[in-house]
Amino acid sequence: MSAEVNGLRQRLQDERILVAPGIYDGLSALLAERAGAEAVYLSGASIAYTRFGRPDIGLVDMGEVAGVLAAIGERITLPIVVDGDTGFGNALNVQRTIRTFQRAGASAVQLEDQTLPKRCGHLAGKQLVSPGEMIGKIKAACDARLGDELLIVARTDAIAVEGFEPALERAERYLEAGADVLFVEAPRNLEELGKVTARFRGRAPLLANMVEGGRTPDLSAADLEALGFSLVIFPGGLVRAFAAMAEDYFASLLAEGTTAPFRNRMVDFDGLNRLIGAGEMLEGGRRYDAEAHERNRS
């Protein structure tokens, strides 16, 4: 894993922005990898949406994220940036989260300065911990990681709570505390996005979050690269695409009583098995069949 993590650190020094699609299970991760993604973002919001059909309001716990992460890490070789929410508690909880996620395959873990329970960064009604408490969490995370390969992403949600300038001040202090990547959540316009990069560009990789219908202008990766961002995530984009497709699928199935009208938008049985590698796995399993052992003995 170290080579992959170090690769992420090095990749973030590149002038080319890194696009990390949001994923939430092994299949979505596999599809992102096959499409050519260089890294993926394991979204806590998308886990809440898909696993529970619930909003991103702190309902997903550390063990649930770790279980999803372990399944994804076993299936793909891409660097995985993991949404660690608030660290799921105080500084000691943060340390347990960091160790658990790193062992499960994380290349970077994002921590935010909200109180418990947290909310999606583009929802109203957020509350923050003090800067001092968040600084303690960042230092605890840095101390807990196994070597310095794991990247610590520090996110502040202060724009919506305290204002833009306090958010920049929080980001400054989080960088001083040891954060590797800075994530100032939900800038409201191009001017604020530009001020973030003007202050921190060249000092730390900067992460931008594109939420369809959220508070930040909907910009392309090229637009964000020109502003000076190093990494852009689209955490819930796949879920929103899936939800639109699934509504159409169910409406068609229930109206027609067959999937035939929808077939040109589906992967068939054989196609899905090819995609997920069923043939290779079954062929590999035959080496361990009883008949194979009997043949080898004769």
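**Salt bridges and strand pairing**

Q: Is Glu-191 buried or exposed?
A: In this predicted model, Glu-191 has a relative accessible area of 53%, which means that the residue is exposed, the cut-off being over 50%.

Q: Which residue forms a salt bridge with Glu-191?
A: Lys-195 does, and the closest N and O atoms of the two are 3.4 Å apart.

Q: And where do Glu-191 and Lys-195 lie?
A: They both belong to helix α8, which covers residues 190-200. Their spacing is 4 residues, about one turn of the helix.

Q: How does Lys-195 count in terms of accessible area?
A: Lys-195 is partly exposed, at 37% relative accessible area.

Q: How many salt bridges are there in the whole structure?
A: A search of the whole structure gives 22. One of them joins the side chains of Glu-38 and Arg-16, at 3.8 Å from N to O.

Q: What does the pair of Glu-38 and Arg-16 tie together?
A: Glu-38 is in the loop between α2 (26-35) and β2 (40-42), while Arg-16 is in the loop between α1 (2-11) and β1 (18-23), so their pairing ties together parts 22 residues apart in sequence.

Q: What are the accessibilities there, starting with Glu-38?
A: Glu-38 is partly exposed at 37% relative accessibility. Arg-16 is also partly exposed, with a value of 43%.

Q: Now Lys-118 and Glu-112: buried or exposed?
A: Lys-118 and Glu-112 are both buried. Their side chains meet in a salt bridge of 3.0 Å, N to O.

Q: Which residues are linked with Glu-112 and Lys-118 in a network of salt bridges?
A: The network also includes Asp-56, Asp-85, Lys-126, Arg-155, Asp-157 and Glu-185.

Q: Changing topic: which residues cover the faces of strand β3?
A: Strand β3 spans residues 80-83, and both of its faces are covered. Ile-80 and Val-82 are on one side, Val-81 and Asp-83 are on the other, and all are buried.

Q: In which sense do β2 and β3 pair, parallel or antiparallel?
A: They pair in the parallel sense, over 3 bridges. Leu-42 stands opposite Val-82 of β3.

Q: And how many bridges join β3 to β4?
A: There are 3 bridges between β3 and β4 (residues 108-112), and these strands run parallel. Val-81 has Ala-108 as its bridge partner in β4.

Q: What does the chain pass through from β3 to β4?
A: The chain crosses through helix α5, residues 91-104, in a β-α-β crossover that is right-handed.

Notes:
Residues numbered from 1 in each chain as written. Predicted model: local features only at pLDDT ≥ 70, side-chain atom pairs only at ≥ 80, totals over all residues. Heavy atoms only, no water. Salt bridge = Lys/Arg side-chain N within 4 Å of Asp/Glu carboxyl O. Helix = DSSP H or I, 4+ residues; strand = E, 2+ residues; numbered from the N terminus. Buried < 20%, exposed > 50% of the residue type's maximum accessible area, 1.4 Å probe, protein only. Pairing = 2+ DSSP bridges. Right-handed = clockwise from strand over helix to strand, strands pointing away.
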